[in-house]
Amino acid sequence: MSKETRQLATSLFKGLDLLSLLSAERQGLGIQELVESMSLPRTSLLRLLDSLIHYGLVTRGEGRRYMVTQTFRDWRKADPDEQLRERFAPMMRRITDDLGEMTTMGRLSGREFMHIHCEEPDCRVRVTPPVGRRFAIEKMAMGKLLLGVRPDLIPAGASDEYRAELEMIKKQGFAMNLGESEDAIVAWATWLGEPSPLTPLFAVTWPDFRFSEESLERAIYLLERESERVGPFPLFD
């Protein structure tokens with residue numbers, strides 16, 4: 001066995017093999033069928049399945065049958081970000097026009113957060129568009145939501161207070177950023193699908209002098225209305 005071969009991530013290969021197997025079975029497979037097909041111990045397969053479920057690529061349906069999710073099938077397609085823009089950009093434009101504030105959409109990319117689209121308001125004082133810029137994930141409203149499904153990305157040395165904040169955010173399904181990632185900027189964020197590391201997130205941002213509870217309530221109302229149109233979004237289930 002070569003040194004290169006010894007360094008290969010065999011657990012990753014097993015996970016990829018499992019995804020390949022499940023993606024070919026529309027009705028899913030039971031755990032015993034998977035044990036026989038994969039020639040792996042039941043406990044090892046359950047760990048792999050739990051990890052893939054946590055990541056949003058696999059789900060367990062009726063009769064305890066495991067199958068890949070629509071998220072996985074969309075993920076395999078060419079340019080999934082363009083598909084997200086096609087679906088959500090019109091919604092974001094409507095909210096921006098009504099609210100007069102910038103809306104953004106982003107997702108996790110590897111271990112970093114990536115903004116993939118924003119809609120800017122037609123006003124004199126605007127928030128600088130975030131697309132192409134980097135921010136500390138733990139300080140962003142969207143980033144805090146992501147840390148609830150990727151706790152391995154929580155910075156070492158994070159305080160107990162911060163971890164408690166993340167737990168609260170995970171339960172409530174939305175997060176705030178009060179000038180933490182960028183001075184004088186307020187942001188509110190939530191999920192555009194069932195929370196997972198592959199699910200896109202949505203945020204509204206304000207210059208702090210224009211932010212108000214009334215404006216926030218209006219933003220949430222507008223998104224709830226859009227949830228009926230292009231959702232559903234889990235915050236309003």
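Residues are numbered from 1 along each chain as its sequence is written, and side-chain values use heavy atoms, with hydrogens and water left out. Because the model is predicted, local features need pLDDT of at least 70 and side-chain atom pairs count only at pLDDT 80 or more, whereas totals for chains, interfaces and linings use all residues.

Glu119 lies in strand β4, which spans residues 112-119; helices (H or I, at least four residues) and strands (E, at least two) are DSSP runs, numbered from the N terminus. Glu119 counts as buried because its relative accessibility is 12%, where buried means under 20% relative accessible area, exposed over 50% and partly exposed in between (1.4 Å probe, protein chains only). The side chain of Glu119 makes polar contacts with the side chain of Arg93, at 2.8 Å, and with that of His117, at 2.8 Å. A polar contact is a pair of N or O atoms within 3.5 Å; within protein, one must be able to donate a hydrogen and the other to accept it, and residues adjacent in sequence count only if both atoms are side-chain atoms. With neighbours within four places in sequence left aside, the residues in contact (heavy atoms within 4.5 Å) with Glu119 include Ala89, Met92, Arg93 and Thr103.

Ala89 belongs to helix α6 (residues 80-99) and is buried because its relative accessible area is 14%. Although Ala89 and Glu119 are 30 residues apart in sequence, their C-alpha atoms are 7.6 Å apart in space. Beyond its neighbours within four places in sequence, Ala89 is in contact with Leu84, His117 and Glu119.

A nonpolar core is a set of buried Ala, Val, Leu, Ile, Met, Phe, Trp, Tyr and Cys residues joined through side-chain atoms within 4.5 Å. The largest such core has 23 residues, of which Phe113, Leu145, Leu146 and Leu201 touch the most other members. Two or more residues of this core come from each of α7 (141-147), α8 (160-172), β6 (185-191) and β7 (201-207), and α7 gives the most, with five residues. Apart from this core lies another, of 20 residues, among them Ile95, Met105, Val204 and Ala219.

Leu16, in helix α2 (residues 10-23), counts as partly exposed because its relative accessibility is 43%.
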